[in-house]
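Reader: I am new to this structure. Please show me how to read it, feature by feature.

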Amino acid sequence: MGGTNVWDAEWEVNEEQARTLIGRQFPQLSSKQVKRLGWGWDNTVFLIGDEYVFRFPRRTIAVGSIRMEGKLLPKLEAYMTIPYPKPLFYGEASDEYPAPFLGYAYVPGDFPVGLTEERRALSAETLAKFLRKLHEFPVQAALKCGVQQDHRNLTDIASRKVKLEGFLSKVVEHLSPEEYGVIEAYISRLQKDRVEAVNALLHGDLHFKNMLVNENGIVSGIIDWGDLSVGHPACDLSVAYSFLPPYARGVFFETYGGADEETKLLARLIAVYIPILILMQAVDDRNEAIAAEAKSNIMRALSD
């Protein structure tokens, strides 16, 4: 399927190249072990020793967000209530590699895959406090750092619904008839075409592959800030639906400071939309654990 997917790379970086590029610009790190941790749509990620993580853009489109993260992430420190990767090393583009790259403090933890509902519920207040503070960050200051404003038309429910129907038809054979029925019924009930625009600074991609938990299953790190943007808070509040069981949502919204019905409607939609995208990629990668987690996120989001 080469070259046809949104997540295909324009250029790859292997461990050897990463070691060379990092060692050249940051000699103090040259003796440390370099290990590829994985990759997202936009970046290849390496662990350097056991204290730093470096992200190298895989595509031109990711370069702007690496630059923006380098400017904005350090400014967020006073607003952060959960550990996050703070930029420490600013790599420059060179003849060998066409893009800037960033080194961050490593945030330890495990991905929240296969957690019980009880464990998930333990993070309701932690997540709500985190988002309350993040969403208080001054929007103007964020825009000055080059953050994009609602570049994904978050409030346009009608077009997102059409896309969702398209995604659903692509993964139908990877869903049980019951799962398919629940999602299909939800989509057909979605009557609203759009919600009022609201502007807050967003993480922009808050899902289980960008969250870390400690040994008790409590959220202990929020990673991958490449989608930092200004837009509707529902985008981040979607974790109340995809991550938290229904009975923990009351305390989440109470701690966050409330949310109106439109916001909740949009948050639930995004809580279905993002995991369906993750499911599509997991199917393509033949990653059954991630596919199963994505499906459970969708079903949780659609349960009351």
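Author: Start with the secondary structure: the protein has twelve helices and ten strands. Helices (H or I, at least four residues) and strands (E, at least two) are DSSP runs, numbered from the N terminus. This is a predicted model: local features need pLDDT of at least 70, side-chain atom pairs count only at pLDDT 80 or more, and totals for chains, interfaces and linings use all residues. Residues are numbered from 1 along each chain as its sequence is written, and side-chain values use heavy atoms, with hydrogens and water left out.

Reader: What radius of gyration does the protein have?

Author: The radius is taken over C-alpha atoms, and the globule rule is 2.2 Å times the number of residues to the power 0.38. For 304 residues, a compact globule would come near 19 Å; the protein has 19 Å, so the two agree. Its C-alpha atoms fill a box of roughly 55 × 45 × 35 Å along the principal axes.

Reader: How many of the residues count as buried?

Author: Buried means under 20% relative accessible area, exposed over 50%, partly exposed in between (1.4 Å probe, protein chains only). Here 51% of the 304 residues are buried.

Reader: What share of the contacts joins residues 24 or more positions apart?

Author: A contact means heavy atoms within 4.5 Å. Among contacts with a separation of 6 or more, such residues account for 72%.

Reader: Where is P98, and is P98 buried or exposed?

Author: P98 sits in the loop between β4 (87-91) and β5 (101-105). P98 counts as exposed because its relative accessibility is 53%. Leaving aside residues up to four places away in sequence, P98 touches W11 and A93. From P98 to R59 is 39 residues in sequence and 10.0 Å in space, C-alpha to C-alpha.

Reader: What is phi in D224, and where does D224 lie?

Author: Phi of D224 is near 55 degrees, a positive value in a residue other than glycine. The loop between β9 (219-222) and β10 (229-231) holds D224. D224 counts as partly exposed, because its relative accessibility is 26%.
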